[in-house]
Amino acid sequence: MQIGDVKKIRNIGIMAHIDAGKTTTTERVLFFAGRIHRIGEVHDGAATMDWMEQERERGITITSAATTCLWRNHNINIIDTPGHVDFTAEVERSLRVLDGAVAIFCAVGGVEPQTETVWRQSEKYKVPKIVFINKMDRIGADFFAVLEMIDSKLGVNYVPIQLPIGKEDKFLGIIDVVEERAFFFNQEDTTEEPEEREIPDDYMEITKKYRNELIEKLAEVDDDLMNKYIENQPIAVDEIKKSLSKATIRSKMFPVLCGAAFKNKGVRMLMEAVVDYLPSPEDAPPVEVIDNDSEEKSLFRFGEKKDLLGLAFKIAVDPHIGKLIYCRIYSGSIKKGEYVFKAGSSKKERISRIVKMHANKKEAVNVLSAGDIGAIIGPMNITTGDTICSQRSNLFLENIEFPTPVISVAVEAKNKIEQEKLSDSIRKLSNEDPTFNFFFNEETSQTILSGMGELHLEILIDRLKREFNVSANVGKPKVAFKETITNIQEEKYKHQKQTGGKGQFAEVHIELIPAKKGEGFEFVNNIKQGVIPKEFIPAVEKGCIEAMESGIYAGYPVIDVKVRLFDGRFHEVDSSEMAFKVAGYYAFKKAFMNAGPRLVEPIMTVDISTPEEYFGPITSNITSRRGRIILIEKKAKSQLIKAEIPLMELFGYTTQLRSLSQGRAAESMQFERYDKVPPHIASKIIEGD
């Protein structure tokens, strides 16, 4: 595809709660677009986009997979994202580089917990969306109930542009509200094109109702349409589509469609809507760029610059070719054999190969142009979130923020040879996954792996064993506790050593102040009149940070603390950066222990859907786990429970929930915040019970 065809590019993501049908929908899109010639099913472990062994075994998406297909002569780049909250980083980084998204809702479950999470993630990056209400053929499917949930839970301006004809096993067709046409499916062969017929008489009234509402809403945001609407002039279908496209791209409206992807129903019409209503790179909202020298932020619109500007949003390790860097090009182009820079670096690196991805298959290309998504091979120093440019530059694209890991597990190599292999493999996985952290504990000779949940760690360890052939002993998962303070405390510390030659001298006076939850660390320099030379100030901050990382009260990292450096002394000869770093380190530790130290633990929001008959045992179990129920909603014959439960009480919860409900209840959980551990439990944790 030539650069001039940028209007015919769509970079879209498929996002939803787990089991809403993302991968199934993507599989049908690829089939109808002629990209694949046989539909692979998730439940058979044969879906094209779920290519990892772990995905095929478990029937879930773990890593975001990219592919490309043609529809109506438009190049559609698709990223199928995971639905499980443990793999939220995959969703986050995908949404960061996409121009539009298809949000898939289950016609039975409606707006489920992870749906709300991914919707909020997409709002952060101002991603325009269309909604596809899937599984209209399932028992309990209710299109209009889902519309009500979109209104109550998401509070967005949705506009149904399709209506279902029937539901459950009587889901026979779809009404196009914009064009006022009805399409009936071939029930014998659902891969056939649907047959266009007149709108059934008993659907005429509701079709006119929703079409009038659509035009009224468009008139509110489109002056040209408003004038025609007021003057009662006829409004053409093309005018409605053009106006709706503008409103969708500006996230003023969210068109709603319906279908049953597993039975191939409504997928073609969904792709028509992707082409008609979601933006090309040229039409997409501007992205933010930051000048690292001035720290000024500005908005960058497509086509404003000719020089290369790209974002590395994902790193993958290929066993045959090494490091694969997924990137989105915002301006200029990358050609095979050219050199590129990482923004902020003076080192140039050569692009040896460029590929377009189709799940785990690679198709070689010679160039990636503005608007494209692809992968480059060659550069070794580029990591997730880095800005790629054609010349030395301090202009950065807004980085990707990832959540903090909340659970950890210890792994121990069986011998020295395995230890080297383990360390190398862990580094490679860490390059791929920004929510996976690790460190080596020299006291125990164990490597501590930290991730987003039990499933996340389970998959990582499974990959170490299968992909990297690492043999290691694995401990039980542990909670990533943190430490913080409750009081304000001033402290001074003098570091003084004389060893015959040049000595060491530094004195610092600091104040520790509790920060609000989630604010992290802040260092404030209040030194006046040069009582500490300015070149030594960063060393004091480094000393404080080192003390925070190693833990003070119980050996866990410190969070949510503000340090104010307000006084001190130095020596013309004996003072150095190292001396002030040591002084900052010990001043922080001393102040921390006198500032009401507390242990804090990750609190998870747990959403549970259960049949009514198991409501009592499940709520009792939540209470027994130090949980707090914050919301109960009734939906048909089910109860939806939202609770906050400490992560340390949730090990093995999924298994117990299945036991309590005979396998009929479902749950999802995500990190909410850190909160204080009750004193009697904190003492047991510190004692190591």
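**Strand β22 and its surroundings**

Strand β15, which spans residues 322-331, runs antiparallel to β22 and is joined to it by five bridges. Within this pairing, Leu324 stands opposite Ile377 of β22. The model described here is a predicted one.

A further strand also pairs with β22. Strand β19, residues 353-358, is antiparallel to β22 and connected to it by three bridges. Here Val355 stands opposite Ala375 of β22.

How many of the five residues of strand β22 are buried? Five of the five, in residues 373-377, are buried, so the strand is largely enclosed by the rest of the structure. Both of its faces are covered. On one side lie Ile373, Ala375 and Ile377, and on the other Gly374 and Ile376, all of them buried.

The cysteines may be considered next. A disulfide is a covalent bond between the sulfur atoms of two cysteines. The structure holds zero disulfides. Cys69 is in no disulfide, and the nearest cysteine sulfur, belonging to Cys327, is 20 Å away. For Cys327, the closest cysteine sulfur is that of Cys389, at 12 Å; a bond is ruled out because this is too far, given that a disulfide requires the two sulfur atoms to be within 2.5 Å. Cys69 counts as buried because its relative accessible area is 3%, under the cut-off of 20%. Cys327 is likewise buried, with a relative accessible area of 0%.

Attention now turns to Asn264, which is placed in the loop between β11 (254-258) and α9 (267-277). The side chain of Asn264 is joined to that of Arg28 by a polar contact of 3.2 Å.

Tyr339 belongs to strand β17, residues 339-342. With a relative accessibility of 44%, Tyr339 counts as partly exposed, because that class lies between 20% and 50%. Leaving aside residues up to four places away in sequence, Tyr339 touches Lys348, Glu349 and Arg350. Tyr339 and Pro379 are 40 residues apart in sequence, and their C-alpha atoms are 9.0 Å apart in space.

Finally, the confidence of the prediction should be kept in view. The protein chain has an average pLDDT of 86, and 92% of the residues score at least 70. Over residues 42-47, however, pLDDT stays under 50. For residues 42-47 the model has 16 contacts beyond four places in sequence.

Key. Residues are numbered from 1 along each chain as its sequence is written. This is a predicted model: local features need pLDDT of at least 70, side-chain atom pairs count only at pLDDT 80 or more; totals for chains, interfaces and linings use all residues. Side-chain values use heavy atoms; hydrogens and water are left out. Helices (H or I, at least four residues) and strands (E, at least two) are DSSP runs, numbered from the N terminus. A polar contact is a pair of N or O atoms within 3.5 Å; within protein, one must be able to donate a hydrogen and the other to accept it, and residues adjacent in sequence count only if both atoms are side-chain atoms. Buried means under 20% relative accessible area, exposed over 50%, partly exposed in between (1.4 Å probe, protein chains only). Two strands pair if DSSP finds at least two bridges between them. pLDDT is the predictor's confidence in each residue, from 0 to 100. Contact means heavy atoms within 4.5 Å.
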